[in-house]
Amino acid sequence: MDVDLTPKLPKNVCGGDGGSYQAWCPDDLGMLKRGNIGAAKLGLQKNGLALPRYSDSAKVAYVLQGNGVAGIVLPEKDEKVIGIRKGDAIALPFGAVTWWYNKEDAELVVLFLGDTSKGHNAGSFTDFYLTGTNGIFTGFSSEFVSRAWDVDESTVKALVGSQSGKGIVKLDGSIKLPDPKKEDRDRLVYNCEEAPLDVDIKNGGRVVVLNTKNLPLVAEIGLGADLVKLDGGAMCSPGFSCDSALQVTYIVSGSGRVQVVGVDGKRVLETTVKAGQLFIVPRFFVVSKICDPDGMSWFSIITTPNPIFTHLAGRTSVWKALSPAVLEASFKVSSEVEKKFRGTRTSDEIFFPPSK
């Protein structure tokens, strides 16, 4: 498999006083195109508004930092206005219209990861804006706008020509947008920072999994996700997705080393990953990570709503399920070596604390 798996940073797409929109380019990260995965990041400054838009791809949005407000209109549904904060994961199916606003001093940053298999361009999102210089109103003639919305010519000119911004604008502080409603978060948002832990290993790490049980809407987008926090010096067991899913990983904080092994036992990636980088593990390839002393966390999507992983080390290792005779013959080792191999990691799960 001749594809560069090197972790990459995003590139600026557009922006201004209100904030910026960045995206990972499939020409730089070939697995995006091959895996039909899109990845982008929205950053909003105080009073920054990401204008209403819909996308050609189903996505998971994850709030990396800050607090803000999001408006979401699902197909044939009323608008939901939700307060968002760090750790929130939001499932956005096809046809969802969204806007994003930051009224706080600190920057609001939202990560988008999704499936582009039905999109216009493999490996990248295409957004369709409702307003702004690249909004749908600018494409229709005055006659069509007037008849479709039953407005006069002066109103048409105001609708088409008043907004000079594109994608992201900075609002006057006096403009008041709708207040979020707590009940609107139900079934739309799952906070991975506050949720019960699915895995918790002392001095090793913690995992929160996003699936159809805690956020049913992910069934519509066909993606699962998880937030992993690895303690300083700890290791994540070598493992692979056994249901033909891709792992798309964004490093949220910290740094560490990663190795990926593919076909014919070939090591296809060995590098250091740092906060802000994205990398993709191909289907059935085995990946393992060892974090630096300060720890490391990452948010991943998996291209199935209820992913299943096979781990090759630890108490649940597939090796421990195989019979001793098979291991001895396969490794061509003595029973003594096989017992030493089988007898390790009998209590550890998927994270291994640093050696003392």
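In which sense do strand E14 and strand E15 pair, and over how many bridges? I looked this up first. The model I am reading is predicted.

I find E14 at residues 199–201 and E15 at residues 205–210. The two strands pair in the antiparallel sense, over three bridges. I then looked for residues that face each other. Asp200 stands opposite Arg206 in E15. Next I checked the turn. The hairpin of E14 and E15 has three residues between the strands. Asn203 in this hairpin takes a positive phi near 65 degrees.

I followed E15 onward to another partner. Strand E16 covers residues 224–230 and pairs with E15 in the antiparallel sense. I note six bridges for this pairing. Val209 has Asp226 in E16 as its bridge partner.

**Entry: positive phi in two loops**

Which loop holds Asn47? I find Asn47 between strand E3 (37–44) and strand E4 (48–55). Its phi is near 65 degrees, which is positive in a residue other than glycine. Is Asn47 buried or exposed? Asn47 counts as buried because its relative accessibility is 14%, and the cut-off for buried is under 20%.

I turned to Phe284 next. Phe284 is not a glycine, yet its phi is positive, about 70 degrees. I place Phe284 in the loop between strand E20 (278–281) and strand E21 (286–302). Phe284 has 46% relative accessibility, so I write it down as partly exposed. Partly exposed runs between the buried cut-off of 20% and the exposed cut-off of 50%.

**Entry: a nonpolar patch**

Which residues make the nonpolar surface patch of about 300 Å²? I list Ile136, Phe140 and Phe144. Phe140 sits in the loop between strand E11 (127–129) and helix H2 (142–149). Its relative accessible area is 44%, so Phe140 is partly exposed. Patch residues need over 30% relative accessible area, and Phe140 has 44%.

**Entry: the annotated spans**

What is the helix and strand content of residues 3–157? I note 12% helix and 46% strand. The end C-alpha atoms of this span are 50 Å apart. For residues 195–339 I note 12% helix and 48% strand. Here the end C-alpha atoms lie 39 Å apart.

Definitions and conventions
Residues numbered from 1 in each chain as written. Predicted model: local features only at pLDDT ≥ 70, side-chain atom pairs only at ≥ 80, totals over all residues. Heavy atoms only, no water. Patch = residues over 30% accessible without salt bridge, like charges linked within 9 Å, V, L, I, M, F, W, Y side chains within 5 Å. Areas by Shrake-Rupley, 256 points an atom, 1.4 Å probe, with all protein chains shown as cover. Salt bridge = Lys/Arg side-chain N within 4 Å of Asp/Glu carboxyl O. Helix = DSSP H or I, 4+ residues; strand = E, 2+ residues; numbered from the N terminus. Buried < 20%, exposed > 50% of the residue type's maximum accessible area, 1.4 Å probe, protein only. Pairing = 2+ DSSP bridges.
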